[in-house]
Amino acid sequence: MKRIRLDRWATQLQPPRNPRLHLQRCPFSSETRAPRRELQQRQDQIQHQWQHQRRHATTRRKLSSTAEVLGEDASGAPIPPGTLQDGELAASPPPPLYAPSHRRAAQSAKLSALHARLSLPSKLPLQTLARCLIDPSADPRTGYNNAPFAVLGQDLLGYYTSEYLMCHYPRLPMPVLFAAQYAYVGNATLGAMRAEWGVEVVAAPGMEVDPGLLQLKRTVPGNAMMDGETRQLKEMPQAKRLGSGRRNEEHGYRRGMSSRIVFDDQFGDLQSGLPPADARPYPGAAISSPAEDSVEAGSEQQQDALGPVTTPPSQLQTPEETHAITVEAGSASFIRALTGALYLHAGSAASKSFHRDHVLSRQLPLHTLFHFTHPTRDLSRLCDREGFEPPVARLISETGRLSRTPVFVVGVYSGDDKLGEGAGSSLNEGRVRAAAAALRSWYLYSPPDTDVVLPSEVEGAAGTGRAKKQWKPQMVDYGEIVT
Amino acid sequence: MPLQALRTVAKPQNGVGAFILQCKRIDLHYCDWAGSSKGMNDFLRTTLPAFAKQNPSIELSVSPRPGRHPVIKGLYINGRQKAICVRNMESGEILRKVELLKAASGERLRRERRPVKSANESVRGVWDPFHGHKYRI
């Protein structure tokens, strides 16, 4: 499988390694360095030297989109249109700001305190941390909000958590794996984590708020009254239908475990934000089939009944058009964005230790996540599959059989080996609890720590350093019990 | 369905991985006229910059409160506040009070009856009458 080259995706924020590229250094990390003009001149000198050595014509690449933001000098004064440097784009009027400017990031005490409280590496600039706190609902332009980082960070967090769970607990069944993944990096946990870090949320986003606050457009609670209505918001019919990527969107239609693995997200939940299956693309969308002009001209009424039209991605430019979100969703996107930004600025080792320190340090008793319906049936299928002797329940001890509070301690044996034990107030309850305990002990098997090698420890940058670990093939289980 | 899962949230253990200092902000109020604020003014001029440098994770806010005693207030991650009036104290005493605010967790002061808190019941298991020796008369 082709390896994803994340270092290529990061050229927007990291300085270029190739002198052929224009100066694409992080536009936000200039507070203590030389002014932009000197650096631009130095880069031009390097480029000319390289040109003389190689005797090739250089190709000028387009500057990244964030360079458009900086129609101003490093000191903050806007450059007059006639005096632009070579290679900078033509000056346009400064873009409107819906959140505090990145220049205020260095002056915010809250932001610096947050940076120190989380012990973030100094490679991560304060300006990027400020950008991670701006949700797309506060500012929909992808050059200004945390959405690009959040996409990367969500995949990183999911990758590290899932490899940890799968390598340490190879027999964990799929529903429990989904639940454990949610318990570690789901929205609820990340919302709680944001509160534990002391990050406060604004009442409403704007230019005047402190850059150290989390900015999002907060959704109105469902039990609030609609304006001008006597009904509550949660009782009003939903105007916008959400899709999950499947062909049939009917609630729960053929949505078993395999369907979840294919279509749903890392927690087994429906994907949000995808258009429904019968949605038509917006006019002008890049689709492979030719646009049906004759159909559009003729039947306007029919098209209204067909289904909703997707919105083009560039349409949302102002916060008035964005959808409000919950504080939990905003907190989750902030923490994911922080992970992504850490990866881009400080490398995979920093993001991995961030995950270890904040996510894996949390306590999750996996045995509480199991919910059995017929453990005795499952256990007998398991013993049959593995070639054990059929399980037999035997009474180990009991007390108070004829009293109001009997206790029966039942053990489930396969031959002479005791697989599990459980206590109950009736013989049947004891037998069922014993079978459940036996199944839990099977599913929660964990190989010795010396045998566990995580893929991220040997892949990529980690695989070339001094502390390189030797790869050992990890245990892959036969699969879940099929009844 | 053979097996279902129950959703929950993993519990935090501050200090096991990363340690988050619970004091996130300290407000320092002083007065230029009142005699009770003399030590506080000295503290702000001489000792506070070094304290701020050593504790970058605490947001410090200095503001005048004319005609009142000097006071320091700590704001914590659990949302609670602790305020200490530092009237007539010397710079060293005020530093000790500020360190006290920094080291606090924000919870109320209460008498702790159980010295050890743990998520695990015990290492060797809790006794029950059904396993082990049976008492015979």
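Student: What makes β1 of chain A and β1(B) a pair, and in which sense, parallel or antiparallel, do they run?

Tutor: In this predicted model, strands are DSSP runs of E with at least two residues, numbered from the N terminus. Two strands pair if DSSP finds at least two bridges between them. Strand β1 (residues 370–372) of chain A and β1(B) have three bridges, in the antiparallel sense, so they meet the definition of a pair. Within β1(B), B:A5 is the bridge partner of A:F370.

Student: Why is the link between B:E59 and A:K110 called a salt bridge?

Tutor: The term requires a side-chain nitrogen of Lys or Arg within 4 Å of a carboxyl oxygen of Asp or Glu. For B:E59 and A:K110 the N to O distance is 3.5 Å, so the pair qualifies. The rule finds three salt bridges across the interface of chain B and chain A.

Student: How do you know how much area chain B and chain A bury?

Tutor: Buried area is the accessible area (1.4 Å probe) that two parts lose on being put together, summed over both. Here that comes to about 3,200 Å², 58% of it on carbon and sulfur atoms. In chain B, the residues that lose the most area to chain A are B:L3, B:R7 and B:F130, together 21% of what that side buries.

Student: How many residues are in contact?

Tutor: With contact meaning heavy atoms within 4.5 Å, 30 residues of chain B touch 44 residues of chain A.

Student: What conventions apply?

Tutor: Residues are numbered from 1 along each chain as its sequence is written, and chains are lettered from A and ligands numbered from 1 in the order written. Local features need pLDDT of at least 70 and side-chain atom pairs count only at pLDDT 80 or more, while totals for chains, interfaces and linings use all residues; side-chain values use heavy atoms, leaving out hydrogens and water.

Note on methods: Helix = DSSP H or I, 4+ residues; strand = E, 2+ residues; numbered from the N terminus.
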